[in-house]
Amino acid sequence: MPKAIRTYVRWVDAVNRVVGLFAMYLVFAMMGILLYSSFMNSFFIPPLWGLEMAQFLMVAYYMLGGAWSLQADDHVRMDLVYGRWSLRSRAIIDAVTVIFLLVYLVVLLYGGLSSTIYAFEYGERSYSSWRPYMAPIKVIMCIGITLMLLQALAIFFKDVATARGESLS
């Protein structure tokens, strides 16, 4: 494979590893917010923002951690026949299925960007009593989709290299 592709794969893997490690710790922030909200609900006045903020952190957690999950190959796979195939056959099938993933992510990013632009233009807010602006979480969602798109392309290059008998790792 060309040096530019090797550099791209290394760069995307490194960025998604760092972002994924950061996203992993968002669970602790979410747990802290939910614990605080439960404590306040039991003994004092419950905060209006607690549950919705925890939901926003959960969205950030799985959107930013998605690319790392792709990179680590930790997603769910139906392994009835796949495990019996040769490494080359698996790489060919994976390369074909990654093309479908890329198409899906491009469509998802297109919708996410249009929704984010709408949120900025009209100052979209949540319908809850807290009424936070929706643009920040939509930006995070678009960043997460973009990182997954870049990682899926890197996985495609790795699969093509494996099918050719090379290695990009």
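User: Which residues do ring pairs link into a cluster?

Analyst: In this predicted model, the cluster joined by ring pairs consists of Tyr-8, Phe-156 and Phe-157.

User: How many aromatic pairs does the structure hold, and how is the geometry of one read?

Analyst: The structure holds nine aromatic pairs. One of them is formed by Tyr-8 and Phe-157, with 5.9 Å centre to centre and 85 degrees between the planes. Planes over 60 degrees apart count as edge-to-face, and this pair is edge-to-face.

User: Where in the chain are Tyr-8 and Phe-157?

Analyst: Tyr-8 belongs to helix H1 (residues 3-24) and Phe-157 to helix H5 (residues 135-163).

User: Are Tyr-8 and Phe-157 buried or exposed?

Analyst: Both Tyr-8 and Phe-157 are buried.

User: Why is the pair of Tyr-118 and Tyr-122 tilted?

Analyst: Pairs count as stacked with planes under 30 degrees apart, as edge-to-face over 60, and as tilted otherwise. The planes of Tyr-118 and Tyr-122 are at 45 degrees, so the pair is tilted; the ring centres are 4.8 Å apart.

User: What separates Tyr-118 and Tyr-122 along helix H4?

Analyst: About one helical turn, because the two are four residues apart in helix H4 (residues 87-122).

User: Which arginines lie over the face of a tyrosine?

Analyst: Arg-90 lies over the face of Tyr-82, at 5.7 Å from the ring centre. Arg-125 lies over the face of Tyr-133, at 4.2 Å from the ring centre.

User: Which residues form the nonpolar patch on the surface?

Analyst: Leu-21, Met-24, Tyr-25, Phe-28 and Met-31 form the patch, and together they have about 510 Å² of accessible area. At least two patch residues come from each of H1 and H2. Met-24 is found in helix H1, and at 32% relative accessibility this methionine counts as partly exposed.

User: What can be said of Val-27?

Analyst: Val-27 is in helix H2 (residues 26-43). Its relative accessibility is 21%, so Val-27 counts as partly exposed; the buried class requires under 20%. Val-27 and Leu-153 are 126 residues apart in sequence, and their C-alpha atoms are 27 Å apart in space.

Key: Residues are numbered from 1 along each chain as its sequence is written. This is a predicted model: local features need pLDDT of at least 70, side-chain atom pairs count only at pLDDT 80 or more; totals for chains, interfaces and linings use all residues. Side-chain values use heavy atoms; hydrogens and water are left out. Rings of Phe, Tyr and Trp (its six-membered ring) pair if their centres lie within 6.5 Å; planes under 30 degrees apart count as stacked, over 60 as edge-to-face and the rest as tilted. Buried means under 20% relative accessible area, exposed over 50%, partly exposed in between (1.4 Å probe, protein chains only). A charge sits over a ring if NZ of Lys or CZ of Arg is within 6 Å of the ring centre and within 35 degrees of the ring normal. Patches are made of residues with over 30% relative accessible area and no salt bridge: like charges are joined within 9 Å, nonpolar side chains (Val, Leu, Ile, Met, Phe, Trp, Tyr) within 5 Å. Accessible areas come from the Shrake-Rupley method with a 1.4 Å probe; for residues, only the protein chains shown count as cover. A salt bridge is a side-chain nitrogen of Lys or Arg within 4 Å of a carboxyl oxygen of Asp or Glu.
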